[in-house]
Amino acid sequence: MSKDKVQIFDTTLRDGEQVPGCKLDAEQKLVIAERLDNLGVDIIEAGFPVSSPGDFNSVFEISKLIKNATVCGLTRAVKKDIEVAAEALKPALRPRIHTGIGTSDSHIKYKFNSNRDAIIERAVAAVSYAKTFVEDVEFYAEDAGRTNNEFLARVCEAAVAAGATVLNIPDTTGYCLPEEYGAKIRYLKENVKGIHKAVLSCHCHNDLGLATANSIAGVVNGARQIECTINGIGERAGNTSLEEVVMILRQHPNLGLDTNINSKLLYSTSQMVSQKMGMMVQPNKAIVGANAFAHSSGIHQDGVIKNRETYEIIDPADVGVNESSIILTARSGRAALAYRAKIVGYELTKIQLDTVYQEFLKYADTRKEVMDEDIHEIIALTDIAIEKV
Ligand code: KIV
Ligand code: ZN
């Protein structure tokens, strides 16, 4: 079955870089941008050019460098922002301006002290102005997650009529439930006149831990772009994690959706971004965490040693991880001990294993993890002579 492509819009260098204490310098941004291009992302949001001379410069340099992906710059619905972004994107082979405005009642009242009609006017003016510089204009309706659907459809319709090629529906505060977010996308698909001229995009934040689930609900209901970051980094609880959405679509072929991402580069890209940003990846992070393919309980280890698929739904090689690891702890069983002992050179008979296992349990109870070098010590603690093979 041929699959529909979901565009991957990476915003590691813009929304991701808004993490406090994780600012990147221009050189680091260029290296990451090049890696994202090799990874196969379709769009790189390189920055917010009007925000600082440094960000302008990074977007400009990334625009010169990138050969495959579209390079995108963020703006508010403000003329000056759009002019500066257009200037920064000038060298790009495929430039995109990303402009927009808050559309929820809360944003309209407290941020803009305005009203719905005036917000639509500003949205149209921003998209129309951006279109005078570039063909590809993405419109975002900030806080769309908490925006009334009928009003959101009116804003989107006006943005498409003004020439928007992509409609970004951000759940800015990470508030929506997956069903609700999916229904919002479906509603727009069914109620916005001219929607066939634009791609609907999911931009979900993780305040309730639902960013990935919401993005998937979005594409299942008709969106064809996901905005995400490497390791899910971003302001507050972060953005949708790129590696998660890519692997969900790949592991569920029945959804009929796929991306252009070379998944074998996911782990190394995660490590690279983590190092450059000085932000560790939580060990239990899906797909790229240190424990994502580690097994430490006896029952699981026994299964994985017999057949990896008993407890793993992803082949680690598919995401660039060398192999699953069998970690020895006090919860491990004989199968795992025999397996690791063999790796370090001991082929244990059943009787030998029984003896070594008793010694192992005493040893493991005093440690968080038993390492390969400890196995030699454990074997030496038993009275039996075991030859290394
Ligand atoms: O979360 C959000 O609403 C955003 C927009 C600026 C696109 O990041
Ligand atoms: Zn965001």
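## Charged pairs

A salt bridge here is a side-chain nitrogen of Lys or Arg within 4 Å of a carboxyl oxygen of Asp or Glu. This is a predicted model, and a search of the whole structure turns up 28 salt bridges.

Let's begin with K29, which forms a salt bridge with D55, their closest N and O atoms being 2.7 Å apart. Because D55 lies in helix α2 (residues 53–65) and K29 in helix α1, this pair ties together parts that are 26 residues apart in sequence. Both D55 and K29 are buried.

K29 also meets E17 in a salt bridge, at 3.6 Å from N to O. E17 sits in the loop between β2 (7–10) and α1 (26–39), 12 residues from K29. E17 counts as buried, at 14% relative accessibility, and K29 has a value of 2%.

## A pair within one helix

E61 and K64 form a salt bridge too, at 3.4 Å from N to O. They are three residues apart in helix α2, so about one helical turn separates them. E61, at 25% relative accessibility, counts as partly exposed, and so does K64, at 43%.

The chain is divided into domain 1 (4–277) and domain 2 (295–381). Six residues from domain 1 and seven residues from domain 2 take part in the contact. Together the two domains bury about 550 Å², with 57% of it on carbon and sulfur atoms. Q251, K264 and Y267 supply 69% of the area that domain 1 buries against domain 2.

How many salt bridges are counted between domain 1 and domain 2? The count is zero, but four residue pairs are in polar contact between these domains.

Key: Residues are numbered from 1 along each chain as its sequence is written. Chains are lettered from A and ligands numbered from 1 in the order in which they are written. This is a predicted model: local features need pLDDT of at least 70, side-chain atom pairs count only at pLDDT 80 or more; totals for chains, interfaces and linings use all residues. Side-chain values use heavy atoms; hydrogens and water are left out. Domain bounds come from an automatic or database domain assignment. Contact means heavy atoms within 4.5 Å. Buried area is the accessible area (1.4 Å probe) that two parts lose on being put together, summed over both. A polar contact is a pair of N or O atoms within 3.5 Å; within protein, one must be able to donate a hydrogen and the other to accept it, and residues adjacent in sequence count only if both atoms are side-chain atoms. Helices (H or I, at least four residues) and strands (E, at least two) are DSSP runs, numbered from the N terminus. Buried means under 20% relative accessible area, exposed over 50%, partly exposed in between (1.4 Å probe, protein chains only).
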